[in-house]
Amino acid sequence: MKLLHNPRAYLLIISFLLFIIPFFWLKPGEMDLGGDSSRLYFYDPLNYLKYSVLYATQHVGMGVENPLYLFLPFNIVLIILMKVFNSGYLIITLFNSLSLVVAFLSMYGIAKELMFGKILKKNYSFFGELASLFVGVYYVFSPVMTYGAWDKAIFTHYQLFLNPLIFFLLLKFFVTKKMIYLLFTLLITFIFSVNFSWGASPAIFAFYPLALLYLFLYAIRIRKLTINIKNLIIFSSLFIWIHLFHILPLVFSLLDKSGLVYQKVLQGGYSANPALDYFLGIAPSVKLTRNILGLPQQLQSISSVEFLFFAIPFIIILGLIFSTYTFIDREQKKNFLLLLSIFLVALFFATANITTLGLEVYKNLFAVPGFSMFRNYYGQWQFAYLFFLSLVIGYGFFYVLIKIHKKLLCLMLFFALTFFLAITAFPFIRGDRINLILNIGQKIEFKVPIRMDPAYEQVLDYIRKDPIDGKYITFPLSESFSQMIAGIQGGMYQGPSTIVHLTPKSDFNGYQVLSPFSEVFLSLVKEKDYDSLSRLLGILNIKHIFHNSDPLIMNYFPDFPYQHVKNFLPLTQVGYSNFINSLPVIKEKNFGERYHIYNLNGNYYLPHVYVPKESKIYKNNLNPWGYVKDPFFKAPGNKDPRIVYLEDNKIKIEGSIPKINFVKINPSKYYVKITSAKKPYILVFSESFNNNWKLFLSNKEIKSKTVASYFNGEIEEMTHINKWIDLSGFETLGKNPIADKNHFMANAYANGWYIEPENLGNKTEYTLVLEMTSQRVGYISLFTSLLAITVLIGWIIKNIRKDLSLKSY
Amino acid sequence: MIKSIITIPIITRAMQLLKKNKLLLIMVIVSLILSDILFMFGSSDIRIFTFLTLYVFISFLYKSKHRLTFSLCLVFLAVLFAEFIESGTSEKTEEAAVWLVLFLAVGIIQQWRE
C-alpha cells in the first residue's frame, strides 16, 4: 500500500516499461534502415564514417560538394557502440529505448521543477508528482509523437528526446546556477551536432526561440531569479567553438558562389515564392481541431477513439477554472498562464489556419528572410507544439487533482488516463511504426526492418576493394535516389545508395542522380541507341553496372520507386538482363543468383582524369527542370572516346597530347603526373564542376603501382591510397592555383582546365595536385573543435570532482 | 474624451440598461457566436471579430472575471465535440475550434490583467 502512494515507484516502473518496449519492435538481427537519411550509420558506422562523413565531397553520382562533418560525433559514438555490442540491431533498439526513457524522464523533470517551483505546499506534492508523471507519459505516448517520430526516423526526429533534455538542463541551470548543467548541454549538442546544424534549422528555430523565451520569462518574472549572463556568454562562445567543425564549412559555403549553401540560400533554392506556394498548398489540410485535441494531422488507425482525446482540452480548461479556486502559490498560476500563452503561440505556428487574418499574417511572415524554411510548417512545429501542450496538460491535470484532492480518486484518474494513452498508443508499443509495410496491398508485402543478405554484403566488400576509380550505375534504376535490396527475412531496404554511403565508389542509382542527363538517358534507352548510351556512361566515368536481378524488388513495387522511369526502362528483371547485354559490357562477377557486376568496354570508358584528343562544341540546351535536352555526345563511328564537349569555341587542342598517370589520395585530392606536355592541352576531371576544385604544382613523385592502363598507356591509373588526411598534402597552402582562369565546365557537368606550357614554366614533365580546397576548411575546423571538446571534457571532469569533494567534505 | 462620451445622457442611460441586463447580454452574444458556428455558412473574420469585440466590451463593462470566459470555453468545447462526432473536421468544427482558441486567448489576457 505504501508503494501505491509513492509516485517515485511509478517513475521507476514507467521508465523500465518504456525501456523494454523497443525490444518488442525488431527481431534479433533486424534493423529498420532506409528512408531519406538511409540510417546506414546504424548498420555499418565505420564505413559510413570513412566514405560519407569525412570529406567535403559526397560521391553521389557526379559528386557534389556537401560536407557531412556534422554527423561525425554521433557517428564516432556509433562506432564505439558497434565495437562493444557488435550488433546494429542492439544499437538501434538501445537507442530507441533510451530515446523513450530520456524523453519521459526529461519531461517529468521539467514538469516537476515547474510545478514544485520555489515552494509547494507539502500536501500538494503528491498531486504535483502525479501530474509530472502524466506529463512524461503523455509526451511519449501522445498520438503526435507515436505517429510522427518513429518511421524510418531521420536525424531531426531525435528532437523528440533532445528538446526536453536540453530544456531540462537549461532550466536546471537557470534555477541552480550550476555551470555543470551548461557543460552537459554542450556535450549533448556536440554528440548530436547534426541536430544543432543548419540541416536542422527549421526544428531549431521552431523550438528554441520559444523555449528560451519561456525560460527567461519564467526565471525573471515568475521565479524572480537573476540570470548569470557571464556564464551564458561563456556557454554561447563555447557552443560556437565546439560546433566550428560544421559552422565554418557552412560559412565558407555561404560565401562561395559555387557552394551548396550559397546556391540554396541565396540563389533561389529557399526563395520565398515557391515556399509560399508550398505553404498554401498544405495549409488547407492542417486542421485546428486536430491540433487542439493533440492528434496528428494524418491519422487513420485510432479514428474510432479519437473523440476520447477531447479529454485533453477539457482537462486544460478545467484546470484553468479550478486554478482560480485553488489557494496555492500565486507563482504557479502565473506560470500556468505563461505556459498557456506560449502554447497558443506554438499552436498558431503549427496550425496557421486560425481565422483568415491569422492566415494572412502567416503568409506575410514568408517575406521575412529565412522564414521559408517553415514551408512544411506543421511537420516543423509539431514537436515544439507537443512539448508545450504536454506541459499545459500537466498543469491542468495538477489543478484538477488538487480539486479532487482524494488521493485514491486521483490515482484512479491518473491510471485511467495513462491506460487510455497506452491503449491508443498500442500500435506504437507493438512496433507498427517500425514494422511499416512498404508496398501495402501487394501479393507479397515487404516491411522496413531488414536482415542484410550476406551475398549483398559480399558485393559491398568487393566494391570497396575495387582498385579502379570508376563509378557505378545500379539497375533497376529508380525514380529518385532509392535503392532496393531485399533482406533475407522478408524485409526490404528502400533508401539512398548503399554503394555511395558504404564504399568509396560513386553510384548512379536513380533518375534524379543522373541529372542533368536524366531525360537524355531515358530517351536513348527508348530509342535503343546503345552506342550513344555507352558514350554517355563513358563521359560520366561509369565503369561498372551493378544489376540487382532480384524479381522481388520489381514485381511487387508497381509504383514507387519506379513510376516515371518505367515508361522507358524494362519492366521486368529479364528485360533488364537483355538491356544490359545489349550494352558493350562484360560480366565481371556474380554474387549468388541475384547480384551481378558488369564492366563497360574500354572503347567507351573514360577514366576519372583524362586528356582529350579532340574537342567539340555543343549548345547547352536545358529544359525548364535543368536537364540536358540533346544528346550532344552522339559520335557514331568515332572509336576513341577521348572527346571533350565545350560551350566555348576559343579553346582548341593542337597536335600531340601528354601522357598522364593519376592516383587518388582521397575523394578530395588526386595527384596527376604529366609527361610530354609540349603543347597546350585540356585536363578533364569527371566530377561535378566546382570552383573549389583547383590544380597546384607539386614537388611530389607518384610512387604507386599501375593498376589500369588505358589507350595504349597514354593514361595510367595507379594504386589509390584512400587516406583521410595526407599531412604532406598541406604543401598546396599558400600556393597559387594553376590555370585557374581557364577552369571551365566540360561535358555539361565536369571540370576542365586548359593548360598552356607557360603556366608551368614550359616544363614538359611535372606532377599536379588536384584538390577540393574546401576540404582544408574541414581539416582546420575539425581540429579546432577537437581542441574545444577536450577543454569541455576537462571542465566537466573538474566540475564533477569539485562536486564530489564537496559532498565528501 | 471617453469620459465626455460616457457623460452624454443617452449613453449613460444605455450603459445603465446594459449593466442591468448582464446575463441577457452575455446570452445574446453567446447565441450569436453559436449561431455563427452552427447556422452560418463559411467562416467570416468580420463576424468573428465583431462578436469577439462585443464580448470583450461587455466583459470590460461588467468587469466580468476570466472564469466566465473559461466557462464559455467549456461550452465551445461541447459544441466542438458535437460537431466533431457528427462531421469530423468539417468547416463548422473548425469554426468552433477557432472560437475556443479565441476565448482561451481572451481568458488568458483577462487573467493576466486581474
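Predicted model: local features only at pLDDT ≥ 70, side-chain atom pairs only at ≥ 80, totals over all residues.
The secondary structure of chain B consists of six helices and zero strands, and along the sequence the pattern reads α-α-α-α-α-α. The C-alpha trace of chain B spans about 50 × 30 × 25 Å along its principal axes. Of the 114 residues in chain B, 29% are buried.

The contact between the two chains draws 25 residues from chain B and 22 residues from chain A. On the side of chain B that touches chain A, the elements giving two or more residues are listed below.

| Helix of chain B | Residues |
|---|---|
| H4 | 45-62 |
| H5 | 66-87 |
| H6 | 91-113 |

H6(B) provides the largest share of this side, 12 residues. By class, the side of chain B that touches chain A comprises 17 nonpolar, five polar and three charged residues.

Chain A contains an open sheet of six strands, ordered S18-S23-S16-S15-S20-S19, with mixed pairing. Strands S18 (693-698) and S19 (706-710) of chain A stand at the edges and have a single partner strand each, so one side of each is left without a neighbour in the sheet. From one strand to the next, the twist averages 25°. Within this chain, strand S15 (residues 659-666) of chain A pairs with strand S16 (residues 669-675) of chain A in the antiparallel sense, over seven bridges. Lys659(A) has Thr675(A), in S16(A), as its bridge partner.

Technical notes:
Residues numbered from 1 in each chain as written. Chains lettered and ligands numbered in written order. Contact = placed C-beta atoms within 7 Å. Helix = DSSP H or I, 4+ residues; strand = E, 2+ residues; numbered from the N terminus. Nonpolar A, V, L, I, M, F, W, Y, C, P; charged D, E, K, R; others polar. Pairing = 2+ DSSP bridges. Axes fitted to C-alpha atoms, helices over the stretch in contact; angles between N-to-C directions. Buried ≥ 20, exposed ≤ 12 C-beta atoms within 10 Å, placed from the backbone.
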